[in-house]
Amino acid sequence: MGPQGSIVVISGTPGVGKTAVARELSRKLNAIYLNLSSVVIEKKLYSKYDKERETYIIDEAKLKNYIRTLAWHTQQLIIITKVYLFYLFRFLFGVIEISTS
């Protein structure tokens with residue numbers, strides 16, 4: 001048996017409404033909404049905290065495992081936001097970029 005849940009990553013320029021669109025889509029489609037910045041911190045999916053930059057350093061292996069496990073155990077669509085993480089998803093999952101411009 002393979003992964004059950006499909007994953008949609010919404011990326012774009014800061015301030016254009018990605019989060020609002022993702023939340024509304026999640027509500028209308030009964031999908032799981034993930035703000036990965038929050039998930040990384042809440043689930044401790046980081047390797048350390050960089051005091052100089054005041055940010056967490058994502059543990060790519062932990063993040064990959066978390067998302068794959070979530071997708072494996074759900075039949076719901078998973079909608080994810082955060083601009084910089086789109087490139088991480090391309091690396092981790094081979095996501096294909098779709099541009100509307």
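**Notebook: tyrosine rings and a nonpolar patch**

I looked up Y49 and noted it as partly exposed, at 39% relative accessibility (buried is under 20% relative accessible area, exposed over 50%, partly exposed in between, with a 1.4 Å probe and protein chains only). The model is predicted, so I kept to its limits: local features need pLDDT of at least 70, side-chain atom pairs count only at pLDDT 80 or more, and totals for chains, interfaces and linings use all residues. Residues are numbered from 1 along each chain as its sequence is written, and side-chain values use heavy atoms, without hydrogens and water.

I searched the whole structure for aromatic pairs and got two (ring centres of Phe, Tyr and Trp, the last by its six-membered ring, within 6.5 Å; planes under 30 degrees apart are stacked, over 60 edge-to-face, the rest tilted). Y46 and Y56 have ring centres 4.3 Å apart and planes at 45 degrees, so I logged this pair as tilted. The pair links distant parts of the chain, 10 residues apart: Y46 is in strand β3 (residues 46-50) and Y56 in strand β4 (residues 55-58).

I then checked Y56 against Y49 and found an edge-to-face pair, 4.8 Å centre to centre with 65 degrees between the planes. Y56 is partly exposed, at 30% relative accessible area.

V21, L25 and L29 make a nonpolar patch of about 240 Å². I placed L25 in helix α1 (residues 18-29), where helices are DSSP runs of H or I with at least four residues and strands are E runs of at least two, numbered from the N terminus. L25 is partly exposed, with a relative accessible area of 34%. Patch residues have over 30% relative accessible area and no salt bridge, with like charges joined within 9 Å and nonpolar side chains (Val, Leu, Ile, Met, Phe, Trp, Tyr) within 5 Å; a salt bridge is a side-chain nitrogen of Lys or Arg within 4 Å of a carboxyl oxygen of Asp or Glu.

Methods: Areas by Shrake-Rupley, 256 points an atom, 1.4 Å probe, with all protein chains shown as cover.
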